[in-house]
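Here is a briefing on a structure with its sequence. Please look over both before reading the notes.

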Amino acid sequence: MCPLVSTRALPTDDGRQWIACGPGEIPPAPQYPRAVLLDDLKVDPDEFAARTGWVVKPEGACKGDICVPLPETARAADGRLDVAVLAPRLGMPLLRDDGAGVWALGPETGLTGRALTTATAPDLTLPDVNGAPFRLSSLRGQKVVMVAWASW
Amino acid sequence: MALDVDAEAAREFIEAAHPEHPSLVDTAHVLDELFGVVNVPNGLWIDEDGVIVRPPEPAHPGRNPATEAFRKMDVTTLPPELADVLLEARKIRSDPDVYVAMLRDWAEHGAASRFRLAPEEVVRRSRPRSTDGATAAAHFELGQHLHLTGDHRVAIPHWREAHRLDPDNWTYRRNAWNFEDPVRQGHTDVYDSSWYEDIKKIGAENYYPPIQP
């Protein structure tokens, strides 16, 4: 599966290996990219993959057919990943609230330079007003109109 | 989906509407990060196969109740500063008839609707995302987390940064302003701007981009 719907030429001098979809190909649909909140910059690789979509393999951090080479410092001796090392290489802003001791790992800048890198809808899960989670993919098979509104 | 950091703020509207459809709360404004939403109301369409066929755009349901209310209000009864806000707000344009007509066409014709966009066009029309925009999203999420875990005060510097880094995002600004000056979202000493100041800069007629069918 390819991660990018584009016929645009991609950069070749930034150390990453980009592979584009062909016309009509639809990439897989994750809930990311969105910000991730962390209280520790050392994270379990499976947790990192679940929350960001980036899977760390021998060839680097990979999402779809894109792999970004990583230095040895990206993984600690206990196998956990160092987000401080990964973040700049994946193009994800990393910021901290010192008082609360919480980091926010921002979404990567889209591969197309757009909010959407693919037309495949992410499998979003949000709560209702009582906190019960609802999964967007549960509506598969129906036309869906998502309307963003606000009390303000 | 209510883009409200405070879910309880959305409750009275949801309960008054008695919706038969799922009605959710997006406290972190993830619709902004995932889809490129920057204002409300915005709509996006997803087909039966889970493919987005129209990215976010202004989505008024056949009418714009806010502008209708603005036009009915008697400006002569208002103090000058509020009169100025009302006169500017009256310039807001939207295309409620166009949006509903497109929606009805898609409901009837599905994949054959001329308003259903190809995947490449959906991506092309979606909002540009920069590193600053991604950083703004991180600041906004961190701010809403800090607010929801009990300390509104420490959320403010993050929301200020979100506003600075993503100056075209109205949801980040308006939700934050509303905590300090509900409804009017006027100037306070907490933020550098207000709804009226920012909308005057761009002209209220540009608050919503025109729909491109």
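The notes below cover the model and its confidence, the chain contact, the sheets, the helix packing and some backbone details.

This is a predicted model, in which local features need pLDDT of at least 70 and side-chain atom pairs count only at pLDDT 80 or more, while totals for chains, interfaces and linings use all residues. Residues are numbered from 1 along each chain as its sequence is written, and chains are lettered from A and ligands numbered from 1 in the order in which they are written. In the model, 51 residues of chain A are in contact with 63 residues of chain B. A 3-strand open sheet includes strands of both chains, in the order S11(A)-S1(B)-S2(B).

**Confidence in chain A**

- The mean pLDDT (the predictor's confidence in each residue, from 0 to 100) of chain A is 78, and 76% of its residues reach 70 or more.
- Confidence in chain A is lowest in strand S1 (residues 36–38), at a mean of 85, and highest in S11(A), at 97.
- Over residues 1–30 of chain A the pLDDT is below 50, and this stretch has 61 contacts in the model beyond near neighbours in sequence.

**Contact between chains A and B**

- Contact between two residues is defined by C-beta atoms, placed from the backbone, that lie within 7 Å. By this criterion 51 residues of chain A meet 63 residues of chain B.
- On the side of chain A that touches chain B, the elements giving two or more residues are strands S7 (94–97), S8 (102–105), S9 (125–127) and S11 (144–148) of chain A.
- Strands (E, at least two residues) and helices (H or I, at least four residues) are DSSP runs, numbered from the N terminus.
- S11(A) gives the most to this side, with 5 residues.
- The residues on this side of chain A divide into 31 nonpolar, 13 polar and 7 charged. Here Ala, Val, Leu, Ile, Met, Phe, Trp, Tyr, Cys and Pro count as nonpolar, Asp, Glu, Lys and Arg as charged, and the others, Gly among them, as polar.

- Two strands pair if DSSP finds at least two bridges between them.
- S11(A) and S2(B) (52–58) stand at the edges with a single partner strand each, so one side of each is left without a neighbour in the sheet.
- From one strand to the next, the twist averages 10°.
- S11(A) pairs with S1(B) (residues 42–46) over 5 bridges, in the antiparallel sense. Val147(A) stands opposite Gly43(B) in S1(B).
- S1(B) and S2(B) pair over 4 bridges, also in the antiparallel sense. Glu57(B) in S2(B) is the bridge partner of Gly43(B).

**Sheet within chain A**

- Chain A has an open sheet of 3 strands in the order S1-S8-S7, with antiparallel pairing.
- S1(A) and S7(A) are at the edges, each with a single partner strand, so one side of each lacks a neighbour in the sheet.
- The twist averages 25° from one strand to the next.
- S7(A) and S8(A) pair over 4 bridges, and Leu95(A) stands opposite Ala104(A) in S8(A).
- Helix H2(A) (residues 83–90) packs on the sheet, touching S1, S7 and S8 of chain A, and its direction makes about 135° with that of S7(A).

**Helix packing in chain B**

- Axes are lines fitted to C-alpha atoms, for helices over the stretch in contact, and angles run from 0 to 180 degrees between N-to-C directions.
- H7(B) (residues 131–148) and H8(B) (residues 152–165) pack at about 165°, with their axes 8 Å apart. This makes H7(B) roughly antiparallel to H8(B), a term for angles over 145 degrees.
- The residues of this contact divide into 9 nonpolar, 8 polar and 2 charged.
- The axes of H8(B) and H9(B) (residues 170–180) come within 10 Å and cross at roughly 150°. H8(B) and H9(B) are therefore roughly antiparallel to each other.
- His152(B), Trp159(B), Ala162(B) and His163(B) in H8(B) meet Tyr172(B), Arg173(B), Ala176(B) and Phe179(B) in H9(B). By class, this contact has 5 nonpolar, 2 polar and 1 charged residues.

**Backbone details in chain B**

- A cis peptide bond joins Val40(B) and Pro41(B), with omega about -5°. Pro41(B) is found in the loop between helix H2 (30–35) and S1 of chain B.
- His18(B), a residue other than glycine, has a positive phi near 45°. His18(B) lies in the loop between helix H1 (7–17) and H2 of chain B.

Notes:
Parallel < 35°, antiparallel > 145°, perpendicular 65-115°, else oblique.
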